[in-house]
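Subject: Structure handover and findings

Hello,

Here is the structure for your files. Please open it alongside this note.

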Amino acid sequence: MGGSGDEHRLSLDEPEKQSLLHRHTEKHFTAGEIVRDIIIGVSDGLTVPFALAAGLSGANATSSIVLTAGIAEVAAGAISMGLGGYLAAKGEADHYNRELKREQDEIIAVPETEAAEVGEILAEYGIEEHEYGPVVNALRKNPQAWLDFMMKFELGLEKPDPRRALYSAMTIAVAYVLGGLVPLIPYMFIPKATEAVLVSVIVTLIALFVFGFVKGCFTGNKPVRSALETTLIGAVASAAAYGLAKAFHP
């Protein structure tokens, strides 16, 4: 009776499979690349203009000068960071296409070798030769599936979204601007930079703590630890800039 039940579980017909899949909805986080770009943009946006504003305040600059320099830095930083994100994503896409062409040529030129590699890959998962043999033969009859298999399991490469480079550039740039404006907001309303910097420090450190906490939730790290680390980095950067400015312009 037990064997019969096992066989039934292993040989579900198509309607039963579809029914099970319909009832079981897996919840996985799949926006990792977007979150990574947001983290890059916001973390730099909060830290760099914050340090710049603190440094200029330490040099006894007025709020208007700090604000002007800060906005200029945010604009330049957003362009630079966005361009960096675009080039990085474009480089990944170019690398994938080169490897795709190389793997395609190898499947055509040395199919036996590539088929043996499929077997080696499956064997690493504990699948015996008599079990993976039919899989290898099935892949050889479907060149596109064979190519996709080799790209993913031999080279560990996923096909990139063709719009990824543009999306990455825009996401990082916008995130940088949003993060960079936070430490500059007090200078918009407080004319005296020495007073504005105190408010900027409080506002930015709170923003860094919240951002670090949220980042920890998304990345799987301990949220509180992530929040404290992010806040500490921002505090050290701004303190160093302020101290250097005071040292050269007492």
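Predicted model: local features only at pLDDT ≥ 70, side-chain atom pairs only at ≥ 80, totals over all residues.

Numbering starts from 1 along each chain as its sequence is written, and side-chain values use heavy atoms, without hydrogens and water.

**H4 and H8**

Helices (H or I, at least four residues) are DSSP runs, numbered from the N terminus. Helix H8 covers residues 164–181, and its axis comes within 7 Å of that of H4. The two axes cross at roughly 155 degrees. Axes here are lines fitted to C-alpha atoms over the stretch in contact, with angles from 0 to 180 degrees between N-to-C directions. H4 and H8 are therefore roughly antiparallel (angles over 145 degrees count as such; under 35 is roughly parallel, 65 to 115 roughly perpendicular, and the rest oblique).

The H4 and H8 crossing is right-handed. That term applies if the near helix is turned clockwise from the far one by less than a right angle; anticlockwise gives left-handed.

Contact means heavy atoms within 4.5 Å. On the H4 side, the residues that meet H8 include Gly77, Ala78, Met81, Gly82 and Gly85. On the H8 side they include Ala165, Ala169, Ile172, Ala173 and Tyr176. By class, the contact of H4 with H8 has twelve nonpolar, five polar and three charged residues. Nonpolar covers Ala, Val, Leu, Ile, Met, Phe, Trp, Tyr, Cys and Pro; charged covers Asp, Glu, Lys and Arg; the others, Gly among them, are polar.

**H5 and H7**

Helix H5 (residues 111–123) and helix H7 (residues 143–154) have axes that come within 11 Å and cross at roughly 50 degrees. That makes this pair oblique. The H5 and H7 crossing is left-handed. In H5, Pro111, Glu114, Ala115, Glu117, Val118, Ile121 and Leu122 take part. Their partners in H7 are Trp146, Phe149, Met150, Phe153 and Glu154. The contact of H5 with H7 splits into nine nonpolar, no polar and three charged residues.

**Leu139**

Leu139 sits in helix H6. At 13% relative accessible area, Leu139 is buried (under 20%; exposed is over 50%, partly exposed in between, with a 1.4 Å probe and protein chains only). Beyond its neighbours within four places in sequence, Leu139 contacts Val118, Ala145, Trp146 and Phe149. Leu139 and Phe149 are ten residues apart in sequence and 8.4 Å apart in space, C-alpha to C-alpha.

**Salt bridges**

The count is eight salt bridges, each a side-chain nitrogen of Lys or Arg within 4 Å of a carboxyl oxygen of Asp or Glu. Three of them follow.

- Arg102 pairs with Glu99 at 3.1 Å, N to O. Both lie in helix H4 (residues 63–109), three residues apart, about one turn of the helix. Arg102 is partly exposed at 46%, whereas Glu99 is buried at 13%.
- Lys101 pairs with Asp105, the closest N and O atoms being 2.9 Å apart. Both are in H4, four residues apart. Lys101 is partly exposed at 46%, and Asp105 is partly exposed at 35%.
- Arg140 pairs with Glu112, with closest N and O atoms 2.9 Å apart. This pair links distant parts of the chain: Arg140 in H6 (residues 129–140) and Glu112 in H5, 28 residues apart. Arg140 is partly exposed at 32%, while Glu112 is exposed at 53%.

Best wishes

Notes:
Helix = DSSP H or I, 4+ residues; strand = E, 2+ residues; numbered from the N terminus.
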